[in-house]
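Let's take a walk through this structure together, stopping at a handful of places worth a look. Keep the sequence and the 3D view open as you read.

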Amino acid sequence: MNTTIRRSALLAACLTALAATGSASAAAIKFNQLGFLPASQKLAVVTDADAHAETFAVVDAASGKTVLEGRLGAPEKWDASGETVRLADFSKLNTPGNYRLRVAGQPDSAPFPIAADAYRALDAAAIKAYYYQRAGIAIEPRYAGAYARALGHPDTQVLVHASAASSARPAGTVISSPKGWYDAGDYNKYIVNSGISTYTLLAAYEHFPKFFDGLALNIPESGDGLPDILNEALWNIEWMATMQDPNDGGVYHKLTNKQFDAFVMPDKATSPRYVVQKSTAAALDFAAVMAVASRVLAPFDKQEPGRSARYLAQAEKAWAWAVAHPDVVYQQPADIGTGDYGDKKLDDEFSWAATELLIATGKDAYRARAFDNVPARGDAPGWADVRQLGWISLAQQDKVDAGGARQQIIASADRLLAKWKASPYRISMKAAEFNWGSNSVILNQAMMLVQAYRLTQRAEYLEAAQSALDYVMGRNGPGRSFVTGIGSPSPMHPHHRPSEADGVAAPVPGWLVGGPNPGQQDIKGCSAPYPSKLPAMSYLDNMCSYASGEIAINWNAPLVYVTAAVQNLVK
Ligand SMILES: [Ca+2]
Ligand SMILES: [Ca+2]
């Protein structure tokens, strides 16, 4: 997340929090705790292997009988974790069953399945997480079990902050802006971060529609004729639609309290809510997402006639505002202390919005900015770097020339592939990339690798993407799952207000935590120590740790995408 977000109010809460549970030493054999699809690549990392152990075995979990033997890879030091590790590759084993890994000098690994439905629970949970995060609706027991809660933040009476005042809507004007998802561990709603999150869910549906048509989430809209993933995306899109000032087309940057709430349930957090400053980034991310929504939802227009056209009209109006106000960078007002999602480099937002509008309308007016040929700043998208999102959209349609986008995607994927091959853990992320939200970095990299695979059918791209999923599910420094409620150990104390305040011991399920982050920006507010300063080991399972243990809508989105992609593409 944004490193300028500060949660200093947590100090008192952290001092009384239960001790961190991250002290148990990691298992010596690390792999995806969900197991593997029969046809997928299957890798495990073995640490501290007996100096004389050159081989590993896969044994049947029940009988202990050896079903496959193989040679361990050469020992390699991973600078990110300080470990010397060897790889066990048992990809040849594709018979469904339950197995353990055996290496001389080590305890046998935990059991794991090879099964066609190995990721089914994660597929659903990673999207269902958004339902639990909805603002403006009671979360009901029949959909949420123990995680049911009262309605929070109706947001039907939101004040226009002075920074957002206009002649048509002076400061203090009351507007209605309900629905949407809470952004992260806090209860606020931000257009910029909503943009990439919502896009990624829409792209998941657009790329794998049959899969999601059959994935019921047990949400209030299940059975209404719209695929549940689109219902979930719509909950946020309908909120986003209210964030545009209909008088001029400008889009408010965020809807928040003045300061972060305490760690209470949503219905107990009742501070006044404000829409704050219109910004160019918000207008462009809004324009892009509404254009995509118009495209993806068009086949479902009979459910709500005119919806698709309305979203496209809103997108074009936001674009026009951004063109007339091309450099309105968000400036946090003095009386506002919530996240800022500030971004000073807006060429990528212009490119993404123009791309989506070009695809949606075919109008030449969008062509120049869509094909501005400015390279991306990195090889994976993020909330402040969205150029790749336009490439992803371009690459899979044939209405406008997508050749350049396809080349860019493959060039990015090749750089990621080179890192993956050179990594002792076989992951595409280097030590220097373990920043805030590192788990989303590797999954967004995987999303690009998936695009390259979809364009070329070259197996290595898909294997490298699969490795990102393996990474967040266990083949990582601490040897743990980074998704709440899935695998063991998994996060028990995410920086997430409902998880802390609901009185349920287990956290709200399906959420990816930010992951190892040697920046440790929260260390002054944490009484529990981080287990390590090493990049891949710097993770603290304690609610005080917003720098390694927060959850966020933009981090779960590539988890949804990559899990579905691996499920659908591994054949
Ligand atoms: Ca539905
Ligand atoms: Ca940007």
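Predicted model: local features only at pLDDT ≥ 70, side-chain atom pairs only at ≥ 80, totals over all residues.

Which protein atoms hold the calcium ion (ligand 1)? Its donors are Glu221 (O), Asp224 (OD), Leu226 (O), Asp228 (OD) and Asn231 (OD1), and they lie 2.2 to 2.6 Å from the ion. In sequence these donors are spaced E-x2-D-x1-L-x1-D-x2-N. Asp224, at 32%, counts as partly exposed.

From the ions, let's move on to helix packing. Find helix 2 (residues 120-132) and helix 16 (residues 553-569): their axes come within 9 Å and cross at roughly 155°. That angle makes helix 2 roughly antiparallel to helix 16, because angles over 145 degrees are counted that way. The crossing is left-handed. On the helix 2 side, the contact is made by Arg120, Leu122, Asp123, Ala126, Ile127, Ala129 and Tyr130. Helix 16 answers with Ile553, Asn556, Ala557, Leu559, Val560, Thr563, Ala564 and Gln567. Sorted by class, this contact has ten nonpolar, three polar and two charged residues.

A second pair to bring into view is helix 12 (residues 403-422) with helix 13 (residues 438-456). Here the axes come within 9 Å and cross at roughly 120°, and the two helices are therefore oblique to each other. Helix 12 also makes a left-handed crossing as it passes helix 13. Helix 12 brings Arg406, Ile409, Ile410, Ala413, Leu416, Leu417 and Lys419 to the contact, while helix 13 brings Gln445, Met448, Leu449, Gln451, Ala452, Leu455 and Thr456. By class, the residues of this contact are nine nonpolar, three polar and two charged.

Gln457, in the loop between helix 13 and helix 14, has a phi near 60°, which is positive although the residue is not glycine. Gln457 is exposed, with a relative accessible area of 52%. Gln277 is another non-glycine residue with a positive phi, of about 30°. What is the setting of Gln277? Gln277 sits in strand 13 (residues 274-278), and at 10% relative accessibility Gln277 counts as buried.

One last stop concerns a peptide bond. Ser488 and Pro489 are joined by a cis peptide bond, with omega about -5°. Look for Pro489 in the loop that runs between helix 14 (459-472) and helix 15 (497-501).

Note on methods
Residues numbered from 1 in each chain as written. Chains lettered and ligands numbered in written order. Heavy atoms only, no water. Axes fitted to C-alpha atoms, helices over the stretch in contact; angles between N-to-C directions. Helix = DSSP H or I, 4+ residues; strand = E, 2+ residues; numbered from the N terminus. Parallel < 35°, antiparallel > 145°, perpendicular 65-115°, else oblique. Left-handed = near helix turned anticlockwise from the far one by under 90°. Contact = heavy atoms within 4.5 Å. Nonpolar A, V, L, I, M, F, W, Y, C, P; charged D, E, K, R; others polar. Donors = N, O, S within 2.8 Å, 3.2 Å for Na, K, Ca; no water. Buried < 20%, exposed > 50% of the residue type's maximum accessible area, 1.4 Å probe, protein only.
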